[in-house]
Amino acid sequence: MFDTSALHKGIELLPYFLNVLGMGALTTLGLTAAAFVVAVLLGFCLALMRLSRSRALRLIASVYLEILRNVPILTQLFILYFGLTYVGITLPAIGAAIIGFGLNGAAILSEVFRASIRTIDRGQSEAAFSIGMTRALALRLVVLPQAFKVAIPGMANFAIGLLKDTSLASAAAVPELTFKARMLVSETYQTNLIYFLLAVIYLALSLTLSYWAARTERRLKVVKEN
Amino acid sequence: MAESTPLVRIEGLYKCFGNLEVLKGIDLNVQQGQKISLIGPSGSGKTTLLRCVNYLEEPTRGDIYIDDELIGQRLVGTRKVPMGDKQLARMRAGIGMVFQRFNLFPHLSVLENIILGPLKVQYRERAEAVALAEDLLDKVGMSAKRDAFPEQLSGGQQQRIAIARALAMRPKLMLFDEATSALDPELVGEVLGVMRKLAEEGMTMIIVTHEMSFAESVSDQVIFMADGNIVEQGPPRQIFRDSQVERTRSFIRAVQEH
Amino acid sequence: MGYEQLWQATHVEFLAAAWATLQLAFGALVIGLIVGLLVALARLSSSPTLRRLALGYIELFRGTPALVQLFIVYFSLTEIGVQFSSFQAAMIGLGLNAAAYLAEIYRAGLEAVPKGQVEAAKAIGMPRLKVLRWVVLPQALRIVLAPVGNVAISLLKDTSVASLIAAPDLMLRAQDLSAVYFMPLEIYILVGAMYFALCYPLSLGVRLLEQRSRH
């Protein structure tokens with residue numbers, strides 16, 4: 001059933017595969033990190049807009065959220081990619097990918113942030129107001145520092161989802177992990193071995209990310225106890 | 001005693017939560033240096049009244065003046081518009097509030113809780129703020145805990161810190177919203193002791209409380225509220241011992257049966 | 001050509017592709033619901049081997065991208081003589097993926113039923129199976145409804161990934177039509193709008209469920 005000669009050939013090529021996939025993994029991590037930063041910054045702004053007292057700001061944020069959460073991210077990437085070329089902006093594919101994943105991620109994270117702010121007891125804001133803080137000051141000094149800790153699991157989950165979603169950038173020829181894998185398959189036809197390696201690498205990356213996030217959360221709890 | 005302008009002037013205060021009328025027309029003056037206790041059954045509106053004074057609750061109708069300044073609203077010509085956030089914050093800085101659930105900031109140490117206001121709202125120098133805080137900690141008997149975190153403290157300790165935090169802003173008025181109701185009985189005394197000291201130093205205080213003997217010994221005026229109205233108002237002796245109003249008497253009787 | 005004319009020219013093909021997308025999502029959901037149940041049962045079973053297998057399944061499918069899973073089902077399985085059509089492969093891959101998430105949702109739902117209920121039922125002499133059927137499951141069902149709804153919405157969106165193994169869905173149709181009309185931006189915006197029309201009502205429904213389950 002299995003072609004053993006092909007398997008042998010595959011094992012010979014293992015170092016080559018790992019090298020190429022390793023480069024792809026670096027691109028994947030870079031893409032994930034960059035998109036994560038964009039998503040956090042933009043998502044934070046969105047969350048503040050949703051909590052603002054201005055109906056206009058709340059509406060804009062809600063519409064943005066609804067649209068981005070009900071359209072597949074692949075479609076969003078294509079729209080962004082072609083939309084940018086229409087407007088005359090020529091970005092390298094990876095740039096468009098960072099923006100696309102960042103914009104989409106902002107929608108997801110804004111909900112995480114908004115929910116974590118709402119877990120903070122109203123009494124905290126009231127205490128802050130009672131010592132003469134404006135809403136902005138109360139948010140910055142009292143609510144957000146507490147909300148941030150609550151938001152960490154949500155942010156970690158998002159990061160892991162983002163890592164996996166970057167595989168879609170392969171459709172735009174971004175040289176990340178999945179793209180490299182497809183390239184290798186068309187080059188050597190070692191489908192099984194390569195896709196096996198691909199799965200293992202993604203698994204390793206996402207498990208490492210989970211572990212690191214859990215450790216960070218635990219460390220923050222310990223710091224507080226001192 | 002000369003009748004100067006009252007520190008707090010409440011005129012025609014109505015408050016509805018949806019269909020529920022919680023305050024049905026309150027008129028009240030508080031002179032500088034007075035200690036006023038608000039007593040009454042649950043749902044009488046006393047906490048809502050207190051929270052309207054520093055505008056944590058927005059009145060449905062009526063005006064509240066702190067030191068002759070209208071709080072929460074501004075007069076534009078003859079119309080009243082909501083007050084801006086900065087102005088409201090400024091007015092609130094002059095009013096201290098102590099909450100039933102303490103509401104200390106858990107992510108900050110005891111000292112940091114107290115200096116936060118002076119530092120970030122009044123822009124005082126850090127050294128000055130810390131000196132003030134240590135002074136207050138000593139006053140409430142919590143100097144030893146200056147670097148502790150709220151979750152490490154008992155309820156009574158937390159509440160004393162909360163009082164210190166409010167005093168750090170040097171308010172002209174202190175509001176106490178059932179400050180001892182959430183405390184274990186053996187911890188109530190240490191908090192009441194601090195409140196008593198404060199009263200003796202001449203602070204203007206409005207106290208919502210269930211501690212009747214405390215209210216009787218500390219107050220200049222006791223206000224008995226029920227169903228959103230002031231039923232009776234007068235010196236402690238009148239309310240607690242010599243009331244001629246049946247509603248008041250039955251409440252006092254019921255409370256003292258414990 | 002404006003959007004109006006574009007829609008006129010393409011709507012037949014797009015609606016057909018949308019129907020295919022719906023079928024794909026529905027099929028994957030059914031597979032996910034069934035396989036997810038099996039995995040959840042294995043996860044909660046008393047056999048440590050079954051538990052470990054279930055955990056392994058969940059970690060594997062949640063730790064790797066759906067796209068990679070589709071590749072493996074579509075391309076890799078041919079080596080052992082199994083050849084699915086791209087549509088079948090997409091449905092199976094997405095279904096197995098959803099199963100991992102659904103298994104955890106089932107587990108959370110079962111664990112969220114207050115233990116006191118089970119104890120009370122046992123105390124009046126109810127046999128274990130009846131406790132499960134009449135006390136635990138109805139409540140667990142109400143709890144999982146909203147999260148399952150969310151999985152369904154995700155599935156609808158994830159069908160777009162199937163286009164990357166050339167399964168005949170909306171996105172693939174969009175790619176083809178872009179080559180015909182040379183208006184990729186407008187076409188993908190149109191497709192985006194179609195996805196929105198499919199997903200948004202579901203989102204509203206799930207939100208209603210979430211609000212109701214809070215009371």
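Two strands pair if DSSP finds at least two bridges between them. Strands (E, at least two residues) and helices (H or I, at least four) are DSSP runs, numbered from the N terminus.

This is a predicted model: local features need pLDDT of at least 70, side-chain atom pairs count only at pLDDT 80 or more, and totals for chains, interfaces and linings use all residues. Residues are numbered from 1 along each chain as its sequence is written, and chains are lettered from A in the order in which they are written.

**Stop 1: the sheet.** Select chain B. Six of its strands form an open sheet with mixed pairing, in the order 8-9-10-3-11-12. Go to the edges: strand 8 (95–98) and strand 12 (229–234) each pair on one side only. From one strand to the next, the twist averages 15°; axes are lines fitted to C-alpha atoms, for helices over the stretch in contact, and angles run from 0 to 180 degrees between N-to-C directions.

**Stop 2: strands 8 and 9.** Pick Val98(B): its bridge partner in strand 9 is Phe176(B).

**Stop 3: the helices across.** Show helix 5 of chain B. It lies across strands 8 and 9, at about 170° to strand 8. Then take helix 1 (46–53) of chain B, which lies across strands 3, 8, 9, 10 and 11 and runs at about 150° to strand 10.

**Stop 4: the interface.** Bring in chain A. Contact here means C-beta atoms, placed from the backbone, within 7 Å. By that rule, 22 residues of chain B touch 16 of chain A. Helix 2 (85–93), helix 3 (110–120) and helix 5 (155–167) of chain B each supply at least two residues of chain B's side. Helix 2 gives the most, six.

Key
Contact = placed C-beta atoms within 7 Å.
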